[in-house]
Amino acid sequence: MKLDTNAHSVFMLWYHLILVTKYRRKVFTDEISNRAKAIFESIAMNYHITLIEWNHDSDHIHIVFRAHPKTELSKFINAYKSAS
């Protein structure tokens with residue numbers, strides 16, 4: 001397991017994000033999931049976030065990613081939700 005480093009710290013921050021559709025409607029297909037993943041990856045570069053795992057079901061998406069301590073997760077999530 002590789003640890004991330006800054007100038008004065010060593011860290012490993014992993015997050016598990018679950019995005020659910022309103023009223024748990026079954027709208028996620030492979031095509032929609034792949035497009036949402038591409039948007040996530042393009043925005044993640046700006047926030048120093050690394051995608052580890054991406055899975056979907058018909059009504060939700062599971063995302064596992066790594067981030068730096070300085071990453072503002074709320075701004076990243078808002079940017080991702082706005083773009084997708």
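Leaving aside its neighbours within four places in sequence, which residues is Phe76 in contact with? They are Phe40, Ile43, Ala44, Tyr47 and Ile49. Contact means heavy atoms within 4.5 Å.

This is a predicted model, where local features need pLDDT of at least 70, side-chain atom pairs count only at pLDDT 80 or more, and totals for chains, interfaces and linings use all residues. Residues are numbered from 1 along each chain as its sequence is written, and side-chain values use heavy atoms, with hydrogens and water left out.

**Around Phe76**

Phe76 sits in helix α2, residues 73-83. Phe76 is buried, with a relative accessible area of 0%. Buried means under 20% relative accessible area, with a 1.4 Å probe and protein chains only. Thr50 lies 26 residues from Phe76 in sequence. In space the two are 12 Å apart, C-alpha to C-alpha.

**The whole chain**

The protein chain has 2 helices and 5 strands. Helices (H or I, at least four residues) and strands (E, at least two) are DSSP runs, numbered from the N terminus. Along the sequence the pattern reads β-β-β-α-β-β-α. Among contacts with a separation of 6 or more, 62% join residues 24 or more positions apart.

| Property of the protein chain | Value |
|---|---|
| Box of the C-alpha atoms, along the principal axes | roughly 45 × 25 × 20 Å |
| Buried share of the 84 residues | 30% |

How values were computed: Buried means under 20% relative accessible area, exposed over 50%, partly exposed in between (1.4 Å probe, protein chains only).
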